Amino acid sequence: MLDIVYTATAAMLALAVLFVLFRLVRGPSVLDRVMCLSTLSVLFVSFVAVEMAVRGDNAYIGVMVSIALLGFVSTLTAARFAERRAHDRD
C-alpha cells in the first residue's frame with residue numbers, strides 16, 4: 001500500500017516540476033522566474049524526502065536542510081532586489 005502512495009507522490013511531484021519548468025521558460029518577468037527556481041528547490045527537497053521515506057534512511061537530512069536554506073536565502077535576496085528596483089523607479 002505504501003508503494004502506491006510513494007509512487008503517486010513522486011508522480012505528482014514530477015508533474016509539478018513540469019508545470020514549474022513551463023512557467024520558468026515562459027515567465028513574463030524576472031521575479032516569476034526567481035519564484036520558479038525557489039519552487040524547484042522546494043520540489044527537490046520533497047523528492048529527497050520521499051526517497052528517504054522509501055528507503056527508510058535519514059542520511060540526506062543535511063542535504064535537504066542545505067537546499068532549503070539556499071532556496072530561502074535566494075528568494076529573500078531576489079525580493080530585496082525587486083524592492084529596491086521598485087523604490088528606485090518611484
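1. Ser-41 is buried, with a relative accessible area of 15%, where buried means under 20%, exposed over 50% and partly exposed in between (1.4 Å probe, protein chains only). A polar atom of the Ser-41 side chain lies 2.6 Å from the backbone oxygen of Ser-38.

2. Please keep in mind that this is a predicted model: local features need pLDDT of at least 70, side-chain atom pairs count only at pLDDT 80 or more, and totals for chains, interfaces and linings use all residues. Residues are numbered from 1 along each chain as its sequence is written, and side-chain values use heavy atoms, with hydrogens and water left out.

3. On confidence, the chain has a mean pLDDT of 89, and 100% of its residues reach 70 or more; pLDDT is the predictor's confidence in each residue, from 0 to 100. Among the elements of the chain, α1 has the highest mean pLDDT (92) and helix α3 (residues 61-89) the lowest (87).

4. How many salt bridges does a search of the whole structure find? There is one, the term meaning a side-chain nitrogen of Lys or Arg within 4 Å of a carboxyl oxygen of Asp or Glu. Glu-51 pairs with Arg-55, and their closest N and O atoms are 2.5 Å apart. Both residues lie in helix α2 (residues 30-55), four residues apart, about one turn of the helix. Glu-51 is partly exposed at 34% relative accessible area, whereas Arg-55 counts as exposed at 58%.

5. Do look at the surface of the model around Leu-21, too. Leu-15, Leu-18, Phe-19 and Leu-21 form a nonpolar patch there, with about 400 Å² of accessible area together. Patches take residues with over 30% relative accessible area and no salt bridge, joining like charges within 9 Å and nonpolar side chains (Val, Leu, Ile, Met, Phe, Trp, Tyr) within 5 Å. Accessible areas come from the Shrake-Rupley method with a 1.4 Å probe, and for residues only the protein chains shown count as cover. Leu-21 sits in helix α1 (residues 2-26) and counts as partly exposed, at 36% relative accessibility.

6. Finally, the record: an unreviewed UniProt entry places "transmembrane region" at residues 6-25, 34-54 and 60-82, though such annotations may be inferred rather than shown by experiment. In the model, residues 6-25 are 100% helix and 0% strand, with end C-alpha atoms 29 Å apart. Residues 34-54 are 100% helix and 0% strand, and their end C-alpha atoms lie 30 Å apart.

Note on methods
Helix = DSSP H or I, 4+ residues; strand = E, 2+ residues; numbered from the N terminus. Polar contact = N/O pair within 3.5 Å; in protein donor to acceptor, adjacent residues only side chain to side chain.
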